[in-house]
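Please read them with the structure open.

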Amino acid sequence: QQQVKQSPQSLIVQKGGISIINCAYENTAFDYFPWYQQFPGKGPALLIAIRPDVSEKKEGRFTISFNKSAKQFSLHIMDSQPGDSATYFCAATINQAGTALIFGKGTTLSVSS
Amino acid sequence: EAQVTQNPRYLITVTGKKLTVTCSQNMNHEYMSWYRQDPGLGLRQIYYSMNVEVTDKGDVPEGYKVSRKEKRNFPLILESPSPNQTSLYFCASSLTGGTANEKLFFGSGTQLSVL
């Protein structure tokens, strides 16, 4: 019940296309859903996050869509660029001090030029 | 520059030889944590610390120790490393560990190989 299931494991998208990464969770107590971006040789960095009181959050070309009833959320990268090539992790947690982020297994995105 | 610094960047050791991976942050964060990253398994939390002298187990604490004697430092200790601890390790910190709307800052990682 603590798992966050992420798909696909890898993704190849043409430059200018839309990249979509999906995550699903079981624990209905989760109330904070961040996405982290990791470039090779670097640590993950927070990209965008959403709370369950909204169905969508957009920051530039990055959008999180959230479906509370389906217990699913997804990251959409519009106009994907080669510089977006990275590993993306979704995560979930309960908004409570000290509660660990539960990460998905990651999606390696390659954007071809 | 605000950062989480881990050392060493790469480490090759042999089974049973005690080692320490250091982690330091300069942001006066209360919360610090260690993760390991393995192919196909994502990031899994090893230990975390809410503040000085306060540490707690994460999801995969077996074979690891930590200490938090100072706010800025959170070393990861492997007293008797085994090959299944070969992994990429990340230290992370955040202001209070309250998670919501709070960014978790990661170090650049330590690639450990245990032969």
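1. Start with the buried cysteines of chain B. B:C23 and B:C91 are both buried. Keep in mind that this is a predicted model. The two residues form a disulfide, with their sulfur atoms 1.9 Å apart. The link of B:C23 and B:C91 is left-handed, at -75° about the S-S bond. B:C23 sits in strand β3 of chain B and B:C91 in strand β9 (residues 87-94) of chain B, so the bond ties together parts 68 residues apart in sequence.

2. Now the count. Over all chains, the structure holds 2 disulfides. A disulfide is a covalent bond between the sulfur atoms of two cysteines.

3. Chain A has a disulfide too. A:C23 and A:C90 form it, and their sulfur atoms lie 1.9 Å apart. The angle about the S-S bond is -95°, and the link is left-handed. It connects distant parts of the chain: A:C23 belongs to strand β3 (residues 19-25) of chain A, A:C90 to strand β9 (residues 86-92) of chain A, and 67 residues separate them.

4. Are the cysteines of the chain A pair buried or exposed? A:C23 has a relative accessible area of 3%. For A:C90 the value is 0%. Buried means under 20%, so A:C23 counts as buried, and so does A:C90.

5. Strand β3 of chain A also holds A:I20. This isoleucine has 37% relative accessibility, so A:I20 counts as partly exposed. A:I20 contributes to a nonpolar surface patch, together with A:I18 and A:M78. The patch covers about 240 Å².

6. Back to chain B, for its sheet. Which order do the strands take? The sheet is open, and its 4 strands run β1-β3-β8-β7. The pairing is antiparallel. At the edges are β1 (4-7) and β7 (65-66) of chain B, each of which pairs on one side only. Strands of a sheet pair through backbone hydrogen bonds, either parallel or antiparallel.

7. Look at one pairing in detail. How many bridges join β1(B) to strand β3 of chain B? There are 4, and the two strands run antiparallel. Strand β3 of chain B spans residues 19-25. One residue pair to check by eye is B:T5 with its bridge partner B:S24, which lies in β3(B).

8. One element deserves a second look.

Terms used
Residues are numbered from 1 along each chain as its sequence is written. Chains are lettered from A and ligands numbered from 1 in the order in which they are written. This is a predicted model: local features need pLDDT of at least 70, side-chain atom pairs count only at pLDDT 80 or more; totals for chains, interfaces and linings use all residues. Side-chain values use heavy atoms; hydrogens and water are left out. Two strands pair if DSSP finds at least two bridges between them. A disulfide is a pair of cysteine sulfur atoms within 2.5 Å. Buried means under 20% relative accessible area, exposed over 50%, partly exposed in between (1.4 Å probe, protein chains only). Patches are made of residues with over 30% relative accessible area and no salt bridge: like charges are joined within 9 Å, nonpolar side chains (Val, Leu, Ile, Met, Phe, Trp, Tyr) within 5 Å. Accessible areas come from the Shrake-Rupley method with a 1.4 Å probe; for residues, only the protein chains shown count as cover. A salt bridge is a side-chain nitrogen of Lys or Arg within 4 Å of a carboxyl oxygen of Asp or Glu.
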